[in-house]
Every structure is written in C-alpha cells, then in structure tokens.
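Colleague: I would like to learn how to read the features of a model like this one. Could you take me through a few of them?

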Amino acid sequence: MSTVIMHSVMSVDGFIADENDEVGTLHEWYFDGDVPIGGGGGEEYDHSGTGGGIRVSKASAEYVRSTWEKIGTIVMGRTLFDLVNGWEGRPPAGDHVVVVSHRPKPEGWHPEASYHFVDDVTAAIGKARELAGDRTVAVNAGDVGGQILAAGLVDEVAMDVVPVVFGSGKRFFGGVDRQHLLEDPHVVIQGERVLHLRYKVRR
C-alpha cells in the first residue's frame, strides 16, 4: 500500500501562507539554486512562475528529486486548486491529482488531465491510493491536510522549514485541535535557506 505523506513549505512559526494566501519568501529556495528539478508534469506549464523553472541548491536537490519521483498522486484542497487553476492540468509531481471539494470539476476544464474531485477526505485518500499504486500519496498541508491527519490517514509529515516568521496566516496543520505524536525525524537535511524534515506519525 502507498505511503501517505503530508507536506508543505512553512515558516518557522508554522504557517504555509499569509491570510491572503500569499507565500512571500517561503518558496524562494525553489528558484534560487543551481540544480534544475524537472516536474512529472512535463515542460508545458512553468511551475516557477518566473520562466526559469525550478532550480534548488545542491544540498536540496537529491532530496527534492527523490521525493518527487516517488509521488504517484497529489491530494489538494479546492482553495489551492483555484489559486493555481490546478497547475493547468500539469502537477509538479506524480500522474494524478485528487481534489477535496464539495464542488465538481469546472465544466470543460482540461478533460485530458487525471484530476478527480471527491467531497470526503477518507474517500479522497482511498481514491489517491488506488491511483498511486505502490507510489507515494502526497497530501498538501493546510486545512485539508489537517483533516486527513486528524482522520488517522497520514503516515508521515514532511516539512521544508524556511527561516521567516509570519506571525499569522494559514497554518501547516490547519484546524487540528488535539495532540498527534510524531516519531523523531528520520530525515534532517540542511539546504540553503531551508531545512528539510520528515517525521513518521506515531501509531
């Protein structure tokens, strides 16, 4: 069965964006390095938004590349889908996307893309695992990620911690309101302006 990993870039005080869904400096390390990282979605969509593609430091490259290569399905919330218009049907990694939403896929939106709209987090993970096979299911952090963690469906938590304090905004764990124990980190990689951490969820 595929591993479900909840992931995002976050500030040191635990935010993935500000109140207006702006990420500020959180993603700069994706574009400031010397090593290009190709996404699984091909070259038709520029995930960098800069025309320069994703380029990370040598310290981060092996970790990012190996992580992305293992992803089969991404699970995202409707807010992120709308913000990036579903990456125009070209996810940065993996072959499939499951969107947790009470609203259906926009009519006529990229019919060729393997995007599936599901209105329940348990069903979303079930669909994502089915699509991923033995590859990883990557869950975007935030409200939907927090709901999936609270439902006991997350195997690992992965965070790329950037040295900035937001003070307020959208939380990595969304509205999680009770304690969840994690194991000691089994991945600790110091990149340039980012610290990569991975924790298994204690059962």
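**Salt bridges**

Modeller: Asp95 forms a salt bridge with Arg135, and their closest N and O atoms are 2.8 Å apart. Asp95 is in the loop between α2 and β6, while Arg135 is in the loop between α3 (121-132) and β8 (136-140), so this pair ties together parts that are 40 residues apart in sequence. Keep in mind that this is a predicted model.

Colleague: Are Asp95 and Arg135 buried, exposed or partly exposed?

Modeller: Buried means under 20% relative accessible area, exposed means over 50%, and partly exposed is in between. Asp95 has 46% relative accessibility, so Asp95 counts as partly exposed. Arg135 has a relative accessible area of 29% and is partly exposed.

Colleague: How many salt bridges does a search of the whole structure find?

Modeller: The search finds ten. One of the pairs is Asp21 with Lys170, whose side chains meet at 2.7 Å, N to O. Asp21 lies in the loop between β2 and β3 and Lys170 in strand β10 (residues 170-171), so that pair ties together parts that are 149 residues apart in sequence. Lys170 counts as partly exposed because its relative accessibility is 29%.

Colleague: Which residues does Asp160 touch, not counting residues up to four places away in sequence?

Modeller: The list is His7, Ser8, Val9, Met10, Trp29, Tyr30, Tyr63, Val194, Leu195 and His196.

Colleague: Where does Asp160 lie, and how do I read the strand around it?

Modeller: Asp160 lies in strand β9, residues 156-162. For a strand, check which way the residues point, how many are buried, and what pairs with it. In β9, Glu156, Ala158, Asp160 and Val162 point one way, Val157, Met159 and Val161 point the other way, and all are buried. Seven of the seven residues of β9 are buried, so the strand is largely enclosed by the rest of the structure.

Colleague: Which strands pair with β9, and in the parallel or antiparallel sense?

Modeller: Strand β1 (residues 4-11) pairs with β9 in the parallel sense, over seven bridges. Here Ile5 stands opposite Glu156. Strand β12 (residues 195-200) pairs with β9 in the antiparallel sense, over six bridges.

Colleague: How do I check a helix?

Modeller: The twelve residues of α1, at 1.5 Å a residue, should span 16 Å, and the end C-alpha atoms are 17 Å apart, which agrees. Then ask what is buried and what covers it. Ser60, Ala61, Tyr63, Val64 and Trp68 are the buried residues of α1. Their cover includes β3 (35-36), β4 (55-56), β5 (71-77), β9, β11 (187-190) and β12.

Colleague: What is Val64 in contact with, leaving aside its neighbours within four places in sequence?

Modeller: Val64 is in contact with Trp29, Ile37 and His196. At 4% relative accessibility, Val64 counts as buried.

Colleague: Which residues other than glycine have a positive phi?

Modeller: Two examples will do. Asp21, which is not a glycine, has a positive phi of about 65 degrees, and this residue is in the loop between β2 (15-17) and β3. Glu88 has a phi near 55 degrees and is in the loop between α2 (78-84) and β6 (96-100). Asp21 is partly exposed, with a relative accessible area of 27%, and Glu88 is partly exposed, with 32%.

Key: Residues numbered from 1 in each chain as written. Predicted model: local features only at pLDDT ≥ 70, side-chain atom pairs only at ≥ 80, totals over all residues. Heavy atoms only, no water. Buried < 20%, exposed > 50% of the residue type's maximum accessible area, 1.4 Å probe, protein only. Contact = heavy atoms within 4.5 Å. Helix = DSSP H or I, 4+ residues; strand = E, 2+ residues; numbered from the N terminus. Pairing = 2+ DSSP bridges. Expected span 1.5 Å × (residues − 1). Salt bridge = Lys/Arg side-chain N within 4 Å of Asp/Glu carboxyl O.
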